[in-house]
There are 2 protein chains.
Amino acid sequence: MGPIPPAYRGEDGMLLIAGCGAAALADEAGDTPLFVYDAAMLDDRVAALRAVLPGRCDVHYAMKANPFAPLLRHMAGIVDGFDIASSGELEMALKAGVGSERISFAGPGKRDAELAMALDHGVTVHLESEGEAARLLAQADRIGKTPRVAVRVNPDFDLKGSGMRMGGGAKPFGVDAERAPALARRMIDVGAEWRGWHIFAGSQSLDGEAIIAMQAATVELAGRLSEDVGAAPPLVNLGGGFGVPYFPGDRALDIAPIGAALAEAIAGATDMLSESHFALELGRWLVGEAGVYLTRVIDVKQSHGETFAVVDGGLHHQLAASGNFGTVVRRNYPVAIANRFGEAPAERPVSIVGCLCTPLDRLADQVLLPSVEVGDIVAIFMAGAYGASASPATFLGHEPASQLLLTRDGDCLFD
Amino acid sequence: MGPIPPAYRGEDGMLLIAGCGAAALADEAGDTPLFVYDAAMLDDRVAALRAVLPGRCDVHYAMKANPFAPLLRHMAGIVDGFDIASSGELEMALKAGVGSERISFAGPGKRDAELAMALDHGVTVHLESEGEAARLLAQADRIGKTPRVAVRVNPDFDLKGSGMRMGGGAKPFGVDAERAPALARRMIDVGAEWRGWHIFAGSQSLDGEAIIAMQAATVELAGRLSEDVGAAPPLVNLGGGFGVPYFPGDRALDIAPIGAALAEAIAGATDMLSESHFALELGRWLVGEAGVYLTRVIDVKQSHGETFAVVDGGLHHQLAASGNFGTVVRRNYPVAIANRFGEAPAERPVSIVGCLCTPLDRLADQVLLPSVEVGDIVAIFMAGAYGASASPATFLGHEPASQLLLTRDGDCLFD
């Protein structure tokens, strides 16, 4: 299985999350399963990133990674901008106290009503096509608002080794690089407020060298496009790409050399970018490690010499851990028995299966864990991103999982 | 792409579903995206099955395939039993008018509260392990009810060519065949009402010969287990396994020889089964073809010579069509432009992508369709099973899809 994030430790055999025992957290929530998020880990993550980034580079949160309301409110206080992908996310961001001037809206399928809502709030719209630009201008005319726009660019390069390639070749995202300057020029000419470029080449890479190369290419591309347009971009969104370790052999990124290389790339950029700000748009890397999914063992059973621990949660809450969301080969997320944390593993492996009546619902396949009993609490790590909101919660008619954010002050926020 | 089910036809270039034009249905729902289900197709499916099954074999609906309330009410009137997998599904089945004596409850992770609810309503519980049996008896003692039980058996064989193997080797479902008689005997001895066996070896097979062999083996196993116990089972649930065609090259099952072979297997069974009833437990095969997902084109764009049609729906409603649910290699579901139904395809292919800002959200990859324009309605077929309820509806903050059932009388039921 993948590596348990080093920040987690146990006390008297019980996994602690933000200083609280896992079993006590399940009691606090009333029942398992639940997602627990640690606000201090979010703070630490953002602070670590800021410490290595050049001063002209902001930190944005891609809220699709986790839209749990208390977590959004917390993130609103520690990042510079929010990247949203729907009018539903816009409502959530505004409700979390994010000022609309800090919000940017990307996504290939924005409806007219969503564009109108973005205009109404003065949110920056990342244009994904010439057709979308025309629809935005039509909405702007209709409601009498000046659009704030950036152009999302489909770059000619991708992020090597990334889990999801979002640039390079034919893509549904953004405008091909060679057509981007013309679109930007047109928007400036019709009086739109020009906000700059959004260039997102890939995500979930653990290859620091590849990220460095991608960022250098992105800064270079942004400079070249800006010269073509003849207008300086106030902001260049460099996308994300920072991966987190999920699987055996994965190693956490070393962000210090990435920050140093980015500072160099920005310092060496064309004069056209000398006044521009930059931003990294991160979701998974900011919140993934700060979340743990806790689910209780209902049954332990033997079948043909193998042991299965059946839990009260499953893929309806944590689809990605079952290997059914964006992964081709099923591998094991880091997992532990929360109330036997640090104990030596049993001699024989156990498979953790969810309560759904389908063979897809396998959360850990033949892992070595301490001997499991009914009532034990299984912890699945790396559950802070693309967990509760990215899973089919109503499948088979079970209840959704509880979610809670633990603050530095020891508060436990459920909504 | 996969074959469009032959029951669907067009009129004046518009796809008809239960005699209604797709565009009119979208208007009726208020907006796209929506799922439309055709009640007459459900009737036809059940009738076709009954016509080939022996008289002693009932038809059960595995409601996990589609729990939409109007569809449940309709199915309640045409099948013999409902198979449920959670207390949430029990509530839905009861609300749909299914008598509790017709309900059976399988699933490897039943909580104590769910077992108590099943006891309270007199639902048949399919025991998945010795541990679950002990927990059920404890609940029965506590509330003073006699449990009605069947034993779910993990058979020593699987269903060849099935999409999901649920038997053969170590499995989280049921009790290994060699331990099943002892568990059944114990339940009978303590006074439980003995309901029989549940033997489910696999699902989604398009190989008729394999299904025939599996059913014969299942009847034989049920006979052997019953002789070991020394008690006749009132009901033998033979599981499902009937697949539907999703992908290129898939061909619909011919059920006539399956029914004939099953009749023969039952007629030739051991005397111990001479008074037993049998049941097929089907979900996908009963409802899959009767559903169509309709989603509107928001944008048509070019990237590096490829054409993308971006729609207002996506994997948050129809995860399986994106290839992210139980399939290793992504292949295309049958798809059409509903308002250009029957038109000749354009010369160049188009990819249908959802509105989510992730490369996973691809509903059809480079398919040949009539030339697509903004405002067109895309129909994705085979959406009646494992669609709305098996997708991450809240992902990226979009609205859920509407759902509606069209009755034979022309009524349009939304809930």
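Biologist: How do you know that strand 2 and strand 3 of chain B pair?

Modeller: This is a predicted model, where local features need pLDDT of at least 70, side-chain atom pairs count only at pLDDT 80 or more, and totals for chains, interfaces and linings use all residues. Residues are numbered from 1 along each chain as written, chains are lettered from A and ligands numbered from 1 in written order, and side-chain values use heavy atoms, without hydrogens and water. Now, strands are DSSP runs of E, at least two residues long, numbered from the N terminus (helices: H or I, at least four). Two strands pair if DSSP finds at least two bridges between them. Strand 2 (residues 14-17) and strand 3 of chain B have two bridges, in the antiparallel sense, so they pair. In one of them, B:Ile17 has B:Cys20 as its partner.

Biologist: What makes strand 1 and strand 3 of chain B edge strands?

Modeller: They belong to an open three-stranded sheet of chain B with the order 1-2-3. Strand 1 (9-11) and strand 3 (20-21) each have a single partner strand, so one side of each lacks a neighbour in the sheet.

Biologist: Why is strand 17 of chain B called mostly covered?

Modeller: Buried means under 20% relative accessible area (exposed is over 50%, partly exposed in between; 1.4 Å probe, protein chains only). Five of the six residues in strand 17 (residues 306-311) are buried, hence the wording.

Biologist: Which strands does strand 17 of chain B pair with?

Modeller: Strand 16 (residues 291-303) joins it through six antiparallel bridges, with B:Val297 opposite B:Val311. Strand 19 (residues 350-353) pairs with strand 17 in the parallel sense over four bridges, and there B:Thr307 stands opposite B:Val350.

Biologist: And what makes strand 16 and strand 17 of chain B a hairpin?

Modeller: Two residues lie between the strands, and B:His304 in that turn has a positive phi of about 45 degrees.

Biologist: How do you know that B:Asp312 and A:Arg111 form a salt bridge?

Modeller: The rule wants a side-chain nitrogen of Lys or Arg within 4 Å of a carboxyl oxygen of Asp or Glu. Here the closest N and O atoms are 3.2 Å apart, so the pair qualifies. Four salt bridges are counted between chain A and chain B.

Biologist: How many residues take part in the contact?

Modeller: Contact means heavy atoms within 4.5 Å, and 71 residues from chain A and 71 residues from chain B take part.
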